[in-house]
Amino acid sequence: MTTAAMHVVAGVLLDPAGRLLLAQRPPGKHLAGLWEFPGGKLEAGESPVAGLLRELSEELDIRIDPASAVPLIQVPWNYGERALLLDTWVVGRWQGTPRSAEGQGLRWILPADIAPDELAPADRVILQEIEGAL
């Protein structure tokens, strides 16, 4: 029996210097220690943009302007026992300074300086898409 893929949203936050914000998977979680674009699971009945606003508020303590969220890529991924659809959005404007509200590591980094093997595998596809768009 196959279960439906978990729908996950991720935000690509780009600062004025052209750096991206990455969050580190915490110890004890699936893919612990790897870096990813911040976000999380949609709740039942939640739209991707609503989920993105909620997740980035919970994780980073910021408020994003929904009108500035633009779809980038949807990445279907299967981690063996976990199937997911990673729905990725570029976020152009937000209020507040991103901070680690859930204790995860955060870092701003230029796309060219990101080592793909430090990213969660599905997030590597997002990085390739970003590099192709820059």
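Start with Arg-25 and show its side chain: it reaches the backbone oxygen of His-30 at 2.9 Å. That is a polar contact (a pair of N or O atoms within 3.5 Å; within protein, one must be able to donate a hydrogen and the other to accept it, and residues adjacent in sequence count only if both atoms are side-chain atoms).

The model is predicted: local features need pLDDT of at least 70, side-chain atom pairs count only at pLDDT 80 or more, and totals for chains, interfaces and linings use all residues. Residues are numbered from 1 along each chain as its sequence is written, and side-chain values use heavy atoms, with hydrogens and water left out.

Stay on Arg-25. It sits in the loop between β2 (20-24) and β3 (35-36). Helices (H or I, at least four residues) and strands (E, at least two) are DSSP runs, numbered from the N terminus. Leaving aside neighbours within four places in sequence, Arg-25 is in contact with residues including Leu-31, Gly-33 and Glu-36. Contact means heavy atoms within 4.5 Å.

Next, select the open sheet. Its four strands run in the order β4-β1-β7-β6, with mixed pairing. Strands pair if DSSP finds at least two bridges between them. β4 (39-41) and β6 (69-78) are the edge strands, each pairing on one side only.

Now show β6 with β7 (residues 83-91). They pair in the antiparallel sense over nine bridges. Find Val-75: opposite it, in β7, stands Leu-86.

Finish with helix α1 (residues 48-60). It packs on the sheet, touching β1 (6-13), β4, β6 and β7.

Terms used: Axes are lines fitted to C-alpha atoms, for helices over the stretch in contact, and angles run from 0 to 180 degrees between N-to-C directions.
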